[in-house]
Amino acid sequence: MLEQLGIEDVQRHFPEFEIDTHIADGGQKKVYLGEFEGEKVVVKLIPTERRRSARRAKREVETMEAVDANALVNLIDNFTDTIGDTSVLVMVEEYIPGPTLREVIECGDTGIDLGVNVTRTLLKALRKFHDADIIHRDIKPSNIIVTPDGIVRLLDVGIARMLTRTSITPTRASHGPGTPTYASPEQLNNDKDLQDIRSDLFSTGIVMFESLTGNHPFATDDLELPIPDAILQNDKRPLEGYLDDSELEQDLHPIYDKMTKSQPFERYRRPHHALEDLDDATGGGS
């Protein structure tokens, strides 16, 4: 089993990589930092013995190959192998230096520059997802890297859904895939018929607010209402009184508010519509 593997075991099995650090476990996958041909890379090992795991791993690769977005991490190579008795998909991705957006927010480095940069980057990436008929389904600060020179990159398409394919997630699940505190109402209700790019826009609206203010928009002041319940009840904070530029804040509020409407039909239909409004509000260009 992968759980029993140490760095030395992985290094022996993959001598072409210089495995340096075990950096994460996500679901059943194990993630390592190493070098390949003089470049730092991320090496992911994803078990594929179970049929659903194999299908999800395959779709992760297909998503990274299908979505041509500068904001996404590049997939350098992928291949199947067997470690011990475990069949695995090996994904080799470029290494992106820098903290996660979650770490940036926790350090208090939020504000207009960060919020607008993150939101614009996500919306540009979502245009590519929309063009490919794919939804990410797990946009959140811990899946976003901010490099030292301020470049924003989106990570982990492991639970992305191709809208032209049959869903892998069981319909009987109590809630759909994704992180409940960043999921849209239709994801929380596991309503697959309503899930599309507007579900990712909902999550982007939450990340926008948090990047601007340092606060989760659905976290109530008294914290008596859990965030997923607040999302389902559309009990959210207005973007008001957080930014030094009150005029810009007034222009940004309706963009955030529209992305986080409870009903999908009330949100932007496409990412480029939200991007146009963001550019109009900030004087930026898409």
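In this predicted model, I7 has its place in helix α1, which covers residues 7–13. With a relative accessibility of 28%, I7 counts as partly exposed, because that label is given to values between the limit for buried, under 20%, and the limit for exposed, over 50%. If you follow the chain onward by 13 residues you reach D20, and the C-alpha atoms of I7 and D20 are separated by 7.6 Å.

D20 itself is found in strand β1, made of residues 18–26, and its relative accessible area of 54% makes D20 exposed. On the surface, D20 gathers with E18, E35, E37 and E39 in a patch of negative charge.

Within the pair, D81 stands opposite V88 in β5. The two strands form a hairpin with 2 residues between them, and in the turn G84 has a positive phi of about 65°.

From the strands we can turn to contacts between charges. Side chains of opposite charge can pair when their charged atoms come close. The structure holds 10 salt bridges, and one of them joins E94 to R153, with their closest N and O atoms 2.4 Å apart. Since E94 lies in strand β5 and R153 in strand β8, residues 152–154, the pair ties together parts that are 59 residues apart in sequence. R153, at 12% relative accessibility, counts as buried.

Is E210 buried or exposed? With a relative accessible area of 5%, E210 is buried, because the limit for that label is under 20%.

The last pair to visit is D257 and K236, which form a salt bridge with their closest N and O atoms 2.9 Å apart. D257 lies in helix α8, residues 246–259, while K236 lies in the loop between α7, residues 227–233, and α8, so the pair ties together parts that are 21 residues apart in sequence. Both D257 and K236 are buried, and together with K261 they are linked in a network of salt bridges.

Note on methods: Residues numbered from 1 in each chain as written. Predicted model: local features only at pLDDT ≥ 70, side-chain atom pairs only at ≥ 80, totals over all residues. Heavy atoms only, no water. Patch = residues over 30% accessible without salt bridge, like charges linked within 9 Å, V, L, I, M, F, W, Y side chains within 5 Å. Areas by Shrake-Rupley, 256 points an atom, 1.4 Å probe, with all protein chains shown as cover. Salt bridge = Lys/Arg side-chain N within 4 Å of Asp/Glu carboxyl O. Lys, Arg positive; Asp, Glu negative; His and termini not counted. Charge placed at Lys NZ, Arg CZ, Asp CG, Glu CD. Helix = DSSP H or I, 4+ residues; strand = E, 2+ residues; numbered from the N terminus. Buried < 20%, exposed > 50% of the residue type's maximum accessible area, 1.4 Å probe, protein only. Pairing = 2+ DSSP bridges.
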